[in-house]
Amino acid sequence: MDEFTYEQVIQALRNADAAGDVEAARRLAQIANSMTQEQPSSAMTTVFGDRPPAQEIPRQLGLTARAGLTGAAGIPSIIGDPLNQLLNMIAGREVFPPVSQSVQQMMSRAGLPQPETAQERVVQDVASALSGVGTTARLAQTLAPRAAAPLSENLGLQAAGALGGAGAAGLGREEGAGALGQLGLGVLGGMVAPGAAGTTAQALTRATTSSVRPFTEAGRQVITGQVLRELASDPEAAMRAAQQYRPSVPGYRPTTAQATRDVGLIAAETPIRGMEPGGRFLAQTSEANQARMTILDRLAKDETALSQAIKKRDEVTAPLRERAFAQSTVDPDTFQSAIALNVDNTVKEILRSPAGKRGTVDKTMRWAQEQVKRANTPAELYEVRKDLRDAAQGLLDKEGAAFSLAKKQLEQVIRSVDDVIEAGAPGYKDYLSKYAASSRGIESLEAAQAVRAKVLSTTPDPSRVGDFLISQPAFTRAIRAIKDDPRTPLSKTQVAVLERVGRDLDEGVLQRGAKVPGSDTFKNLSTANIIGGVVGKQIVGEGNPALQKLAAPLNWLYNGTDDKIRELLVEAMLDPKLAADLMKKASVMRVEPLSKALQKKALNMGYGSIFGLE
């Protein structure tokens, strides 16, 4: 960990900047500058922008001088600006410009550079405020030494308050806060920073930037990532799962709870749904349902497709059957003898078997024997065969019989009937073979349509009129029934596709299996407390309770930012990849250890005194 490449330093600098760690970013920039001998052009761009050091260093000195003069002119500006404003109000027009504006214009005409970037402007605010503290203390000591004693004794707290107030207000301005928001942030920063003044300079800087962090997009991303990490039962595993998740059903974006299978995030999904009144979770549910229905519809198609398949099968196979019957030359007596020789003997063998002693089998076999005796031609016996097939499939059970209970025995009788028909009408079995081949696809369609009909609930799809949501319990039962049926007409591929849809449905309702003990109200309040606690720490940090109470009246500043954080949290719960990115940004493991290691490298290189490191 002692050696880092220049590219790693630059990446760490970007991470520190995104995380709002100003102190780490400053030190990383200095360390990157120290490596210019290895990467001169990149280092110059990072530290000095587009200007070479020969131009940038004098410019920075000029900015420092400008800040000092601005601070020194603080008291005249405080007195002169209101007075000039009063005179302008009396005159009804701007006769006297603000003293502070005149001072700035004079310095510009004198050749002092102006801050150009957001960072330079904020630095100017802070430096001017600190200069003003020193100037005020020296002026008071000169004019009234006794009255100046309290100012001199508390000079450190004043400097911390000035740094915090000016820094927070300046950062708020650069991030789009209005005049009232800048004022509130200045007051809040002035209160928060002195509370951290007794600690390290890094803590003081964080106390200032934390108050502004909710106003920045990068800051809100870090806060949201911290909330997600607090909610997750295993943040690191959840991040990996979200990044690696591949949906079983394409065509929609899964929720973060579905992708991560993290118990904490699963439990948090319900209360976070309540933060989003726009119906985006309902829209996600509808999109998921439509993606699953697309697969079911592809398997089952519709009634029109089934009717067309049946019509096509009959158009191909019926002529084969009719041709075989038309070419038959067998006379009725010979045909009846063939029935007695084959079918009657098959029935007698079944009745003599142990199964034949069952009442249902005995009754069914005697009924079948009576039916075949009525046929005198192959065509007539084929029609009788239809009754035997219907009986085997249970279609005649409603007439009071229980023929389906003797299905196995009826299948034996049907095979003997087919032998008799083939003997009297050669070509008939060729028809049966082609009919069976054509029927496989039809039977698959019928089975898939039956599955679709069973799994649809009575809950309407919120986004598609006339459609209904798939019931996860009903779908699970349907899949189990198919897997338990060895004679299912569905192919292995079709069953595998249905199983994929089933897994996707299971993942979509994980919150049912991850219910937190206790009432839903308590669970929602607990989640809200976690979210509120993480966001609140960004306002006043984890300082003493008195400071938190002192800053409480200024919570109105964060009403808008709280809404943006909630929106980002909702979006993260709807997008696993975004959630993983935010949790990654919030992970201090990507900034702090690298920063510590770089400090050690700086000490080894002899730069410790420059950075104030020991």
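Terms first: I call a residue buried under 20% relative accessible area, exposed over 50%, and partly exposed in between (1.4 Å probe, protein chains only). This is a predicted model, so I keep local features only at pLDDT of at least 70 and side-chain atom pairs only at pLDDT 80 or more, while totals for chains, interfaces and linings use all residues. Numbering runs from 1 along each chain as its sequence is written, and side-chain values use heavy atoms, with hydrogens and water left out.

Entry one, backbone. Lys 301 isn't a glycine, yet its phi is positive, about 55 degrees. I find Lys 301 in the loop between helix 16 (280-300) and helix 17; helices here are DSSP runs of H or I, at least four residues, numbered from the N terminus. Lys 301 counts as partly exposed because its relative accessibility is 44%.

Arg 261 also has a positive phi of about 55 degrees without being a glycine. Arg 261 sits in the loop between helix 14 (256-260) and helix 15 (263-273).

Entry two, rings. I get seven aromatic pairs (Phe, Tyr or Trp six-membered ring centres within 6.5 Å; planes under 30 degrees apart are stacked, over 60 edge-to-face, the rest tilted). Phe 325 and Tyr 428 are stacked, at 6.1 Å centre to centre and 20 degrees between the planes. Phe 325 is in helix 17 (residues 303-326) and Tyr 428 in helix 22 (residues 428-455), so this pair ties together parts 103 residues apart in sequence.

Tyr 382 and Tyr 428 pair edge-to-face, 6.1 Å centre to centre with 75 degrees between the planes. Tyr 428 is buried because its relative accessibility is 0%; Tyr 382 is buried at 9%.

Terms used:
Helices (H or I, at least four residues) and strands (E, at least two) are DSSP runs, numbered from the N terminus.
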